[in-house]
Amino acid sequence: MASPHKGQLLVGLDIGTSKVVAIVGTVTAEGGIEIIGLGSHPSRGLKKGVVVNIESTIQSIQRAIEEAELMSGCDIHSVYVGIAGSHISSLNSNGIVAIKDKEVVDADLERVIDAAKAVAIPADQKILHVLPQEYIIDSQEGIKEPLGMCGVRLEARVHLVTGAQNAVQNIDKCVRRCGLEVDQIILEQIASAQAVLTDDEKELGVCLVDIGGGTTDIAIYTEGAIRHTAVIPIAGDQVTNDIAMAFATPTQHAEDIKIKYACALSQLAGEHETIKVPSVGDRSARELTRQALAEVVEPRYEELLSLVKAELRRCGYEDMIPAGVVLTGGTSKMEGVVELAEEVFHVPVRLASPQGVSGLSDVVNNPIHSTGVGLLQYGLRQLKSGQVKVKSGKPRKKATGWQSFRQWVTENF
């Protein structure tokens with residue numbers, strides 16, 4: 001049976017510290033997502049996931065959206081937006097209500113979720129997500145779908161995610177100033193989890209670690225539900241700064257060196273491999289060994305992974321992730337990161353790219369695009385559940401997809 005949402009356009013906008021990525025997808029007849037366009041532009045207006053320059057952020061969003069429109073041959077009207085930053089916090093909460101007609105209906109679910117949301121949060125915080133973990137009917141635990149079940153008392157256990165009002169408003173303002181509507185603002189690690197985690201991992205117990213440019217985002221799943229989220233304000237930019245400081249090279253060159261030559265485990269770097277490091281000003285470039293570079297990078301990654309482990313221990317889930325740790329995000333791609341993570345966590349570790357999409361899947365098959373693809377998959381789930389009616393965009397009549405792609409290639413290359 002063909003999906004009733006066939007042809008519906010969905011757009012994910014990943015506003016990161018180092019880049020802004022817009023990914024366009026359409027709903028297929030089978031109910032999946034086909035990627036038809038992607039736009040990316042360096043991000044200039046964010047620091048550690050938070051907007052610090054409105055105009056620069058708007059320009060980056062506009063460029064990424066324009067590129068995505070050209071490649072997909074569509075006009076984009078609304079987007080699912082990712083949010084991160086150290087202002088994000090989370091807690092688990094319970095709500096209990098009486099079942100009115102002895103059978104659970106939608107109204108009962110709404111009331112029990114409202115009851116679970118009724119917790120004291122700081123005045124400057126806003127609830128972003130209310131994520132059900134499980135329902136309990138008359139002491140019967142572990143219920144995922146309570147609709148239609150009989151009982152007297154309904155209890156919901158939920159995971160609440162909150163963010164700073166001003167940080168959320170600034171992201172919303174930047175998107176709207178670009179002439180776009182916001183379908184929903186979604187926590188980035190929840191989006192990434194949609195794209196890279198399997199149902200088996202979520203059921204068994206897994207920790208997702210999304211290492212970006214400005215923040216490292218953590219999400220822990222057990223028994224098929226999210227249990228804990230956290231944000232650590234250390235990520236790839238700190239590694240770049242360490243390289244720039246240690247070798248007295250401009251930040252842009254340090255970033256290039258990190259991407260091309262860096263290794264997170266010094267024993268994997270060859271002693272005799274040399275690299276050229278540009279100097280500041282008119283000084284000539286110097287030659288350094290790749291091992292010397294690894295000795296600068298490794299301590300920062302070890303510190304970052306140790307902070308993730310400390311967070312796991314603090315929230316009580318360190319021994320509850322038998323499926324191990326899943327790494328994603330652009331900064332996780334470096335050689336040696338998986339091996340170093342296994343030494344730190346003492347559990348299985350894998351590097352993950354987005355799965356479960358068709359179309360330009362080879363283009364987005366990269367840990368960098370986990371959040372962008374996850375935003376589309378989150379939007380698709382909302383669409384199927386009937387929670388939202390999105391109008392992300394419509395195809396352009398003037399140009400075919402091939403013409404748009406050719407125009408995009410001409411302008412960019």
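Which residues does Gln133 touch, not counting residues up to four places away in sequence? Taking a contact as heavy atoms within 4.5 Å, Gln133 touches Asn92, Lys144, Arg157, Val158, His159, Ala225, Ile226 and Arg227. Before going further, some housekeeping: this is a predicted model, where local features need pLDDT of at least 70 and side-chain atom pairs count only at pLDDT 80 or more, while totals for chains, interfaces and linings use all residues. Residues are numbered from 1 along each chain as its sequence is written, and side-chain values use heavy atoms, with hydrogens and water left out.

Back to Gln133, which sits in strand 9 (residues 125–137). Helices (H or I, at least four residues) and strands (E, at least two) are DSSP runs, numbered from the N terminus. Is Gln133 buried or exposed? Its relative accessibility is 7%, so Gln133 counts as buried; the cut-offs are under 20% relative accessible area for buried, over 50% for exposed and partly exposed in between, using a 1.4 Å probe and protein chains only.

Now look at what strand 9 pairs with. Two strands pair if DSSP finds at least two bridges between them. Strand 9 and strand 11 (153–164) run antiparallel and share 11 bridges, with His129 partnered by Val161 in strand 11. Strand 11 also pairs with strand 8, again in the antiparallel sense, over 10 bridges; there, Ala98 stands opposite Arg153. Strand 11 is mostly covered, with 10 of its 12 residues buried.

Helix 2 (residues 106–117) belongs to this part of the picture. Its buried residues are Asp108, Leu109, Val112, Ile113 and Ala116. They cover an arc of only 130° around the axis, which puts them on the same side of helix 2; the arc is that of the directions from the helix axis to the C-beta atoms. Strand 8, strand 9 and strand 11 are among the elements covering them. All of this falls within a stretch that UniProt, in an unreviewed entry, annotates as "domain: SHS2", residues 10–196. UniProt positions follow the numbering used here, feature names are shortened, and annotations may be inferred rather than shown by experiment.

Strand 14 (residues 216–222) runs antiparallel to strand 15, joined to it by seven bridges, and Thr222 stands opposite Ala225.

In helix 9, Val337, Leu340, Ala341, Val344 and Phe345 are buried. They fall within an arc of 120°, so they line one face of the helix.

How values were computed: Expected span 1.5 Å × (residues − 1).
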